[in-house]
Amino acid sequence: MKIKPSKKSGSVVVELNPRDSERLSQGAALANGTPPPFKLTKILVPIDFSDCSKKALQYAVPFAKQFGATITLLHVVHVNYVGGPEFGALDFPLSEIDLRKSAEQQLAELAATEVQPQTAAATLVRIGQEVVEIVGAAKELESDLIIISTHGRTGLKHVFMGSVAENVVRLAPCPVLVVREHEHEFLKQ
């Protein structure tokens with residue numbers, strides 16, 4: 001925004017760029033008593049590289065575009081430390097480093113191809129329990145929304161494997177949108 005004196009005494013000329021006019025219209029809406037229903041600036045999308053988690057990302061991108069939000073892609077490396085003489089000597093720190101590097105490369109590629117052409121993106125890789133790390137990242141990043149996928153496991157699979165999405169919904173510090181693997185589609189491709 002540029003403000004210049006005009007030729008007419010006691011007045012000024014205001015030059016606006018497109019971003020300024022958008023801000024002014026938002027300010028006018030607030031002044032008229034119609035604030036936007038909510039504001040999203042940071043969206044967290046946990047990714048396990050399955051088709052289901054990529055579907056959650058397909059939902060996140062339009063949200064981010066509409067609200068001007070940044071998407072953070074989070075992958076949690078869950079290392080099972082199974083040991084014993086039958087497994088031989090395993091170098092756990094080395095395997096964690098390899099898993100982290102691989103996840104970082106895959107996330108960077110996913111961000112570059114699926115997100116960054118349309119909106120801003122960041123990537124984050126953590127090592128630990130999925131639910132703990134997702135909820136922790138949401139708190140630390142001060143995320144406004146988590147968009148997570150669920151595989152919809154039932155029965156014994158649900159009992160033994162648990163539901164990461166279900167536990168994230170219970171513990172998250174912000175709203176959570178859960179995208180099911182098989183559902184009615186409303187995304188326009």
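These are my notebook entries on the fold of one protein.

**Ground rules.** I am working with a predicted model, where local features need pLDDT of at least 70, side-chain atom pairs count only at pLDDT 80 or more, and totals for chains, interfaces and linings use all residues. Residues are numbered from 1 along each chain as its sequence is written, and side-chain values use heavy atoms, with hydrogens and water left out.

**Entry 1: the parts.** I found six helices and seven strands; these are DSSP runs numbered from the N terminus, with at least four residues (H or I) for a helix and at least two (E) for a strand. Along the sequence I read the pattern β-β-α-β-α-β-α-β-α-β-α-α-β.

**Entry 2: the sheet.** Which order do the five strands of the open sheet take? I noted β5-β4-β3-β6-β7, with parallel pairing; strands pair if DSSP finds at least two bridges between them. From one strand to the next, the twist averages 25°.

**Entry 3: a closer look at β6.** Strand β6 (residues 145-150) is joined to β7 by five bridges. I also spotted I148 opposite V178 in β7.

**Entry 4: helices across the sheet.** Helix α2 (residues 51-67) lies across β3, β4, β6 and β7, at about 150° to β6. Helix α6 (residues 164-171) lies across β6 and β7, at about 155° to β6. Contact here means heavy atoms within 4.5 Å, and angles run from 0 to 180 degrees between N-to-C directions of axes, which are lines fitted to C-alpha atoms, for helices over the stretch in contact.

**Entry 5: the inside.** I looked up burial (under 20% relative accessible area, 1.4 Å probe, protein chains only): 31% of the 189 residues count as buried.

Key
Buried means under 20% relative accessible area, exposed over 50%, partly exposed in between (1.4 Å probe, protein chains only).
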